[in-house]
Amino acid sequence: MGLTTLAKSSSNEEVIEIIERDGGVIISDFVSPEVLAAIRDDIRAPLDAIGFGSDDFSGNRTRRLGRVFQHTKHAVDVALEPHYQAAAKHFLEVPTSCYFGSDSVEMVASMQIGVTQVIEIYPGEGAQPLHRDDAIWQWRHPEGGRQARVQVMLAVTDFTAENGGTLVIPGSHKWDDERVPQLDEAVPTEMKAGSAVIFIGGTYHAGGTNNTNTPRTGLTLTLDIGWLRQEENHYLSLSREVVKEFPEEIQRLLGWGVCPPFLGWVEFDGLMTDPSVLLGDTPPVGADLTGGYGKK
Ligand SMILES: O=C(O)CCC(=O)C(=O)O
Ligand SMILES: [Fe+2]
């Protein structure tokens, strides 16, 4: 059985319930036709300017374009899509408490964008090895106790069983680390261009085999727990000019913000300050982030 497909009008609760059960869900008409067309236009030239990968994981007949926010401002529409945001918040914004002196301080991790990539699988490409994307942090299951990543893959072209639509093993987010994923357990993601699959970091998946004569194109990005290292290094990949143009919510998600209690600060005027001060056009005003913790 393939992943469940939900209509865009479905509730966030339905989306979350199915991801909890299966490890992923497909949402029809995830972005509007206008946004899809704009994304296609924006990514074509940079995609055509790069070559194929050089190993079986990246794909010898696959083009991978990172720095997606540098290439298309419509990545914002994907990252802030309401179902995706709701699912990511559900899995990632888990409250926890820590002592500062005798004060038990409750805090909620922020989310951050980990990786952004357009993945274009060309005819003749074979299936990628099945994997969990949280392997980048050597995440353990079930000992990790929670999900570290909520990922979205937007179909920029139709995704089919024949053209390499992402292979997913439903339910594999509940497996331990000993069980070996098998190709015959995986089902292809079949969806129309403009639809998207949302899946979590513990779900086994892979790019599929493209047996057609046209490329399969997907745009993927991830929301991850804010205290993990970002997979893609946005600070070195994105220009400050481009980041400045984005809404503050996206700037923070890209890493120009702190995760509570004060992870990711920049020094400004002797204060451990939120990095967003460095994006403003006016002279920055620092504010100490540590003042509220463990007051004497
Ligand atoms: O292209 C795809 O469908 C999935 C690719 C993937 O899972 C990856 O590169 O980590
Ligand atoms: Fe992956």
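Analyst: Two strands pair if DSSP finds at least two bridges between them. Helices (H or I, at least four residues) and strands (E, at least two residues) are themselves DSSP runs, numbered from the N terminus. Strand β8 (residues 167-168) and β11 are a case: they pair in the antiparallel sense over two bridges. Leu167 stands opposite Ala206 in β11. This is a predicted model, in which local features need pLDDT of at least 70 and side-chain atom pairs count only at pLDDT 80 or more, while totals for chains, interfaces and linings use all residues. Residues are numbered from 1 along each chain as its sequence is written, and chains are lettered from A and ligands numbered from 1 in the order in which they are written.

User: Which way do the side chains of β10 point, and are they buried or exposed?

Analyst: In a regular strand the side chains alternate between the two faces of the sheet. In β10, Ala196, Ile198 and Ile200 point one way and Val197 and Phe199 the other, and all are buried. A residue is called buried if 20 or more other C-beta atoms lie within 10 Å of its own, exposed if 12 or fewer, and partly exposed in between, with C-beta atoms placed from the backbone.

User: What about helices: which residues of α1 are buried?

Analyst: An α-helix has 3.6 residues a turn, so residues three or four places apart point the same way. In helix α1 (residues 12-22), the buried residues are Val15, Ile18, Ile19 and Asp22. They cover an arc of only 100 degrees around the axis, which puts them on the same side of α1. The arc is that of the directions from the helix axis to the C-beta atoms. Among the elements that cover these residues are β1 (5-6), β2 (24-27), α5 (82-92) and β10 (196-200). Just after α1, Gly23 takes a positive phi of about 90 degrees.

User: Which residues of α5 are buried?

Analyst: They are His83, Tyr84, Ala87, Ala88, Phe91 and Leu92. Seen down the axis of α5, these residues fall within an arc of 140 degrees, so they line one face of the helix. Their cover includes α1, β2, β6 (111-121), β7, β10 and β12 (216-225).

User: Which residues of the largest nonpolar core touch the most other members?

Analyst: A nonpolar core is a set of buried Ala, Val, Leu, Ile, Met, Phe, Trp, Tyr and Cys residues joined through C-beta atoms within 7 Å. The largest one here has 56 residues, and Leu154, Ala196 and Ile198 touch the most other members. Two residues are in contact if their C-beta atoms, placed from the backbone, lie within 7 Å. Leaving aside neighbours within four places in sequence, Leu154 is in contact with Phe30, Val31, Val78, Ala196, Gly218 and Leu219.

User: Which residues are around ligand 1?

Analyst: A residue is near a molecule if its C-beta atom, placed from the backbone, lies within 6 Å of it. Around ligand 1 these are Ile119, Gln128, Asp133, Met153, Thr166, His205, Ala206, Gly207 and Gly218. This shell divides into three nonpolar, five polar and one charged. Ala, Val, Leu, Ile, Met, Phe, Trp, Tyr, Cys and Pro count as nonpolar, Asp, Glu, Lys and Arg as charged, and the others, Gly among them, as polar.

User: Where is Gln138, and is it buried or exposed?

Analyst: Gln138 lies in the loop between β6 and β7. With 8 C-beta neighbours inside 10 Å, Gln138 counts as exposed. Gln138 has a positive phi of about 55 degrees although it is not a glycine. Pro142 is found in the loop between β6 and β7 too, and the peptide bond from His141 to Pro142 is cis, with omega near -5 degrees.
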